[in-house]
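Thanks for coming. Please have a look at the screen.

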Amino acid sequence: MDYFLELFLGGLTRGSIYALIALGYTMVYGIIGLINFAHGEIYMIGAFTALIVISVLTLMGMNTLAILVIAGVIAVIYSSAYGYTVEKIAYKPLRNAPRLSALISAIGMSLFLQNYVLLAQTSDFLPFPCLIPDFEFMEPYAHIIGSTEIVILITTAVVMVLLTIMIKFTKIGKAMRATSQDKTMAMLVGINVNRVISVTFIVGSATAAIGGVLIASHVGMINFYVGFIAGIKAFVAAVLGGIGSIPGAVLGSFILGWTESFATGYVSSDYEDVFAFLFLVLILIFRPAGILGRSEKYKI
Amino acid sequence: MKRYFGKVFVAAIVLVFAVSMMPGAGLAADTIKLGVAGAHSGDLASYGIPSVKAAELVVKDVNAKGGILGKKVVLLVEDDVCKPEVATSTATKLLSQGVDVVMGHICSGATKAALGIYKAENIICMAPSATNPALTQSGDYPNFYRTIASDDAQARLEVDYALDVLKAKKIAVLHDKGDYGKGLAEFAKSFIEQDPRAEVVLYEGVTPGAVDYSAVVQKIRRSKADAVIFGGYHPEASKIIMQMRKKRMKTVFISDDGVKDDTFIKVAGKYAEGVYATGPRDTSSNPLAIAAIEAHKKAYGADPGAFFLNAYAATQALLNAIEKAGSTDYDAVSKALKTEYVETPLGKIKFDNKGDATGIGFSIYQVQNGKYVELK
């Protein structure tokens, strides 16, 4: 039973890691129907920004909590700026082009950002300091779950709740929902669609940056390629939960995390990915739009 | 007179075209082309770059002394990013540039992919770091040589150390599912199974690049292993060791020369302390090795990286064999590699019939105070 609990918590942590990245995928898809492949790179840039800020602040001798907060805030601002710019450069000019063009543009942007960081920074793995101290009250449970993992879990929950509130109850959230339902109609009733899309990208990139800082702190290392691998898994999670749905992304991430964790624990880690994708295929057979996704009917 | 002039003119133009169309043939006559292939960018660049620098230093020396057989040696450096699918085009590119011999590739998977292409063209390929046993033992690649011992030698040493010195009884064997890591892990597993003193309690491959290894780590804990033997490279090793130590596990961690890299210590920091890794035997007392390292410091202002001396020895062995053979002919050079000893930073070496260097081996290292220390 202990073993089951350990695997359960391990899967939960893994799931919340995926969820922090999957939220951005699903938001952008929900609004403009674009799979933003550059999202994983925004996450990676968030982690790199944080690392640079941390190195500078550590030299100045600040305390860890202050460093964590400042690095987090700067990473969020910086990544949001990247997200905003990427949208303006790579997606906005293609707003009325076929969907495939924007998708190719997204893949191009992803490769560009990876190689830009590779050239501007380094190809080596860099150590990322563990910013979250070991909580004392956690010590008896340290062999099951660490304090960083707890922080990631809580952050994921908070971010998900905040996003849901924003979309359900604020003016910009209403505008987002309107844009997602019908872009042309939203424009006709006076919604500034371009601004709504920009805000979506900024919010999505901000969550990715928070994810970048926390996950890098958990894993303990980063390089230019981390965004790609994590991004692919998070994308799968978003599809599993029903891409476009925010609770769906979180649910999908947890299911993916648990599947992987239990497959490793009870079968073999050799088949970790096999089980993860088998599960995806099964769910998509029975619910093609994902667990919480709405299937849309297109009129021809 | 006018018509005669026209003919000369046309002939001259044809000649110019003919010459310009075969620059390779024109150059090949007075240079020896040494291909250097390996991971020069990407995740594993830290293994590949030192080999390029080693080749540069050896070739600079050789050319300063007038070259080989009166010809200058030129380097053709090509990147394969350590990926098999890239390595095939790297090999093809080297061949199209008229390469005579190749020093490389770095990773076993990439080397294997490229070898078939070299074999078809009778090009000798000598790797400084590709340790997959099958490369030499299968007999499929008579054109392949290496200046590093194969993985089964490393696995043997790891298992002997775990059983004889550390007295481990339950051992978990992990790998990263790659050619190199899995090959090594399979050897370690079979060596442990042949020995009645210990048993393999867990044998698993982990997914490289995953964000989290906590499930595998919990599985190791449940298996109650005294020691973990990991086959693979440092990015996965450092993630696994960090998660093990953060989960308060004190299990001994033994790995291979893919982990015996300073990047591992830099990334894993305090969690790296006490980790064992096998690596090429320490050659710091060999005067040729000292000279090679000094030359590197002088030329690049830093200590050389992983496999620098292996690459240095490989370059020397290849050039020496060409000199002894008197040409770059495949059969003559192969014979020279197998019969003529050469003095290198790794000691006095020649190659056996399978292509493994004689007189090259491994030692066990341990991380102590942020440094790999050789255990005698």
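Let's start with B:K219, which sits in helix 9 of chain B, the helix that covers residues 214–223. Before going on, note that this is a predicted model.

Is B:K219 buried or exposed? Its relative accessible area is 10%, and buried means under 20%, so B:K219 is buried. What does B:K219 touch, leaving aside residues up to four places away in sequence? In chain A, the contacts are A:Y3, A:T264, A:G265, A:V267 and A:S268, and in chain B they are B:L202 and B:E204. For a sense of distance, take B:E121, 98 residues from B:K219 along the chain: the two C-alpha atoms are separated by 48 Å.

The second residue is B:M242, in helix 10 of chain B, residues 234–246. B:M242 has a relative accessible area of 5%, so by that same cut-off of 20% this residue is buried too. B:M242 touches A:V219 and A:G220 from chain A, along with B:V267, B:A268 and B:Y271 from chain B, again not counting residues up to four places away in sequence. B:A295 is 53 residues from B:M242 in sequence, and C-alpha to C-alpha the two are 36 Å apart in space.

Now, how far does the predictor trust chain B? The mean pLDDT of chain B is 88, with 92% of its residues at 70 or more. Among the elements of chain B, strand 6, residues 170–175, has the highest mean pLDDT, 95, while helix 2, residues 23–28, has the lowest, 44. Over residues 22–28 of chain B, pLDDT stays under 50, and the model has 0 contacts beyond four places in sequence for them.

On to chain A. Chain A has 11 helices and 2 strands. Read from the N terminus, the order is α-α-α-α-β-α-α-α-α-β-α-α-α. The radius of gyration of chain A is 19 Å, close to the 19 Å that the globule rule gives for 300 residues, so chain A is as compact as a globular protein of that length. Its C-alpha atoms fill a box of roughly 60 × 50 × 35 Å along the principal axes.

Of the 300 residues in chain A, 54% are buried. Contacts in chain A between residues at least 6 apart in sequence include 76% that join residues at least 24 apart. The accessible surface of chain A is about 13600 Å², and carbon and sulfur atoms account for 71% of that. Last, the charges: chain A has 16 positive and 15 negative, and their mean positions are 25 Å apart.

Note on methods
Residues are numbered from 1 along each chain as its sequence is written. Chains are lettered from A and ligands numbered from 1 in the order in which they are written. This is a predicted model: local features need pLDDT of at least 70, side-chain atom pairs count only at pLDDT 80 or more; totals for chains, interfaces and linings use all residues. Side-chain values use heavy atoms; hydrogens and water are left out. Helices (H or I, at least four residues) and strands (E, at least two) are DSSP runs, numbered from the N terminus. The radius of gyration is taken over C-alpha atoms; the globule rule is 2.2 Å times the number of residues to the power 0.38. Buried means under 20% relative accessible area, exposed over 50%, partly exposed in between (1.4 Å probe, protein chains only). Contact means heavy atoms within 4.5 Å. Accessible areas come from the Shrake-Rupley method with a 1.4 Å probe; for residues, only the protein chains shown count as cover. Lys and Arg count as positive and Asp and Glu as negative; His and the chain ends are not counted. The place of a charge is taken as NZ of Lys, CZ of Arg, CG of Asp or CD of Glu. pLDDT is the predictor's confidence in each residue, from 0 to 100.
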